[in-house]
Amino acid sequence: MRVANQIVAKILRELSGILRAGITTYDLDKIAEEKIKLYGATPAFKGYFGYPAATCISVNNEVVHGIPSKKRILKEGDVVSIDLGVVFDGYYGDAAITAAVVVGSEEGERLINVTRNALMLGIKEALPGANLGNISSAIQEYVEGANFSVVRKFVGHGIGRALHEPPEVPNYGKRGTGPILKEGMVLAIEPMVNAGGHDVKILDDGWTVVTVDGSLSAHFEHTIAVTRYGPEILSGLD
C-alpha cells in the first residue's frame, strides 16, 4: 500500500503545481491518468460504479465527486479539490487536496487551512487502543470551532485491497465511542468541510455532490496506517 499511496502523493503534488486559471478540469484529469499509467498503476476511480474519470475534481460549492469536464475552465480565485485513487500491485492508495487558483478569497483560504488542519488533528488520534470516534470528534470540534461545518452524508473509510472497506470514518462524533483502533488498520481519513451549513445534495449527473446553500467546500484526505509508534501517513511524500 505504501507504493500505491506514494504514487498518489507524487501525482497530486504535480497536479497542484500546474493548477492555474484557464486550464480545464478535463485537462487535469487526463494529465493524472497519463501519470498513473507511467507509474505502472491503474486509476482506482475510473469505472468504479460507472464513474467516468480518473480523478474527482470539485470546484467551489462542489464537495466531492465532481466529474472533470472540458467545459469547466478554472478561473482565478476558484477553490479546487482534487481526489485521486490508484491501484498498484493489488493495493489501493487514496488522497485528496484542496487549493485556490492563484489567490483565493479570504474565506476560501481560511476554509482550506481549517480543513487541512482538521485532517492532521484527526490523524493524531489514530492510535492503537483508541476509539475511532476520537478521530471524528477531533475533526468536528476543530471545524465547528472555526464556524464551519462538517459534511455528514459522506465519510472516510478503511482501505486496502478494496477502495472502500470497513470501518466508516465519520467527520463528526463523540470521543470514546466507535470501534477500537488496532495496530495494522489502514484508514482513509477525509474531512469535507463547508463554509456554510452541512447539508449537501447530489446533482442530476448522479455523482457531483454540492452544498445546498451554495457555500464553498474543501476536502483533504490521507491514507494512514495505525502503528504502535503512532499514525503513519502513507500518502504523505517521503
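Reader: At roughly what angle do the axes of helix α1 and helix α2 cross?

Author: This is a predicted model: local features need pLDDT of at least 70, side-chain atom pairs need 80 or more, and totals for chains, interfaces and linings use all residues. Residues are numbered from 1 along each chain, and side-chain values use heavy atoms, without hydrogens and water. Helices are DSSP runs (H or I, at least four residues), numbered from the N terminus. Axes are lines fitted to C-alpha atoms over the stretch in contact, with angles from 0 to 180 degrees between N-to-C directions. Here α1 (residues 2-17) and α2 (residues 25-38) cross at roughly 150 degrees, their axes coming within 10 Å.

Reader: Which residues of α1 and α2 meet?

Author: Contact means heavy atoms within 4.5 Å. From α1 come Ile11, Glu14 and Leu15; from α2, Leu28, Ile31, Ala32, Lys35 and Ile36. Six of the residues in this contact are nonpolar (Ala, Val, Leu, Ile, Met, Phe, Trp, Tyr, Cys or Pro) and two are charged (Asp, Glu, Lys or Arg).

Reader: Is leucine 111 buried or exposed?

Author: Buried means under 20% relative accessible area, exposed over 50%, partly exposed in between (1.4 Å probe, protein chains only). Leucine 111 has 0% relative accessibility, so it counts as buried. Leucine 111 sits in helix α3 (residues 106-124). Other buried residues of α3 include Ile112, Val114 and Leu119.

Reader: What does leucine 111 touch, leaving out residues up to four places away in sequence?

Author: Phe148, Val193, Asn194, Ala195, Leu216, Ser217 and Ala218. Valine 193 lies 82 residues away in sequence, yet 7.5 Å away in space, C-alpha to C-alpha.

Conventions
Helix = DSSP H or I, 4+ residues; strand = E, 2+ residues; numbered from the N terminus.
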